[in-house]
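Okay, thanks for coming, everyone. Structure's coming up now.

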Amino acid sequence: MCRRMFVAAVCLILPFALAGMGGPVAASTLERGAVAAPESQAAEVGGSILSRGGNAVDAAVAVQFAIAVTNAIGAGIGGGGFMLIHEPAAGEVVALDYRETAPAGAHRDMFLDQHGDVDAELSIHSALASGVPGTVRGMAAVHKQYGSLPWAELIQPAIDLAENGFEIDPWTAGKILEYGDKFALISERFREQVEFKLYFNGGAGDRMKIPDLAGTLRRIAEQGPEEFYTGETAEMIVAEMQRGGGLITADDLAAYRPKWRDPIEGYYRGYRIVSMPPPSSGGVILIEFMNMLEPFERLALHSPQQIHLIAEAAKRVFADRSEYLGDPAFADVPVDVLTAKDYARARASDIDLARRTDPATLKAGDLPVRVDSDGQTTHFSIVDRNGLAVSNTTTMNTGYGSGLVVDGAGFLLNSQMNDFSAKPGVPNVYGVTGSAANEIAPGKRPLSSMTPTMVFGPGGHLELVLGSPGGPTIITTVLEVILHATDYDRSLAEAVDLPRFHHQWPPAVTGTDPIAIETDERYTLAPETIAALSELGYTFDKVESLGDVQAVEIDGRRVTGVYDRRRTGGVVYD
Ligand code: DON
């Protein structure tokens, strides 16, 4: 890969000399572009943008709007997310944070009842659950910086899908049914809620149309991204908030801004890992995790020892996450310390490969600098022929967000406020705890686990673009896929298709030490492995599956996309 420090001539000549020899190649010599998306019709949209001459960022904007229609469970213009972009010409990765913000009227104790206990449902399913959405201005920011096709052209495929209908796949059909029943119960408490089932219904193979959403997307396409924040759509959001007792005001919407950030970087056995900085915990915790594992020898994949080692490291990194991570504009997040190799080495020094650490005895690590104080998400990865690459994770937080549809506008609002720590030490919907660093404050971004990531090979060239949904399990999912591809030398398809497991430190039940494992028979661990881990004292949380990785691998000139067979998805090449 051509880094800035190389002279231009070397950048131009070297790749051609090395092409076909398995060495680094010029960005422009990739054989094809690839879109790996969590829903096949959205993947088609991305592929058609690349085929039309659009670049990876154009395709990303188009896919983002398309999944807002076809994959409303985990993406939408009422949500937010994070994007990494690799510019081969500059040899750089930039990060865009389009995470939601707490409205100006939010306050630290807003989800506590009169007894001081957390009212979790309020932070997930009420009008108070939503942060100010970041997706539309986020897409506008990346489009302005890197886009080559007109804005309206990139939104048109999503308008078509919403207006003419899209085919419901079996996985989505199951989710619509499941959440329809769930929201019907919830709306008894929050009567103001627009009926989810009015918008989302239909079985596998049916075509679903969302005319109100088509209208909203058309306004955003024709009038530009500002329409969402200051136009008719903004008025509809505010009206919805007033109806449901929510906090988002016209001023909150007008004031929302995405932020460009420097990514987190680290090295693991010669690979350069680039990922998302705070307000996501993803990059910091991934690097701390890898730094802790690096000094240990490579253990047999999915042996009890390997799973035990990762569980022990997980307990330590998630304890640190709970104590130290939050929005860096509000909390002093010790990123440098947490991602330093010597800190990780010291933190891992009491890991015993023959004995478990009781999670109840674990606390956050002592840092030189002390700090004062079942859901759904969507990941897609895109690489174009010129090597411009996008790793994008976006979310509504819990499935279909708060379940609250903006009346007349046809889109759901997120439930991202639940990612704040409503009360120190009390787990959120994903079982992770937080401290003052992640308490609620006006304008603050809730701490995330989203981990859009890029991996560069020892030769410096981009090899892997990946990410996943799954709340805190995102971090272990991304970690394990990288380990499968690097330490265990698996192809990308194999790396994604191997079983996964997860540990996140604070046990829901005192005295237990649970490792989450997959029950889907394609991904179960060997019974002997489970038996050996039980012998060590571990318990097991059984979940159907962990994560949903969409990834692209670059190997010399070859580009391969993979979607996770655990859910639905698609890969399209240009
Ligand atoms: O930002 C976060 O970490 C969460 N809101 C992500 C939620 C999620 O991944 C749910 N997916 N299955």
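So, a polar backbone atom of Ser449 sits 2.7 Å from an oxygen atom of the ligand; for me a polar contact is a pair of N or O atoms within 3.5 Å. Gly471 also puts a polar backbone atom 2.7 Å from a ligand oxygen. On the nitrogen side, a polar side-chain atom of Asp419 comes to 2.6 Å from a ligand nitrogen. How much of the ligand does the protein bury? The answer is 98% of the 340 Å² that the ligand exposes when taken alone, with areas from Shrake-Rupley and a 1.4 Å probe.

Quick caveat: this is a predicted model, so local features need pLDDT of at least 70 and side-chain atom pairs need 80 or more, while totals for chains, interfaces and linings use all residues. Numbering starts from 1 along each chain as its sequence is written, and side-chain values use heavy atoms, with hydrogens and water left out.

Now the shell, meaning residues with a heavy atom within 4 Å. There are 16 residues around the ligand, and the closest include Thr377, Asn397 and Ser448. By type, that's four nonpolar, ten polar and two charged, with Gly counted as polar and Asp, Glu, Lys and Arg as charged.

Which strand gives the largest share? That's E9, with three residues. Strands here are DSSP runs of at least two residues, and helices of at least four. E9 (375-383) and E10 (389-398) each supply at least two shell residues. Domain 1 (54-257 + 387-419) and domain 2 (261-373 + 450-547) each give at least three; those bounds come from an automatic or database assignment.

Pro278 and Pro279 are joined by a cis peptide bond, omega about 20°, and Pro279 is in the loop between E8 (271-275) and H13 (282-293). Arg269, in the loop between E7 (264-268) and E8, has a positive phi, near 45°, and it isn't a glycine.

Technical notes
Polar contact = N/O pair within 3.5 Å; in protein donor to acceptor, adjacent residues only side chain to side chain.
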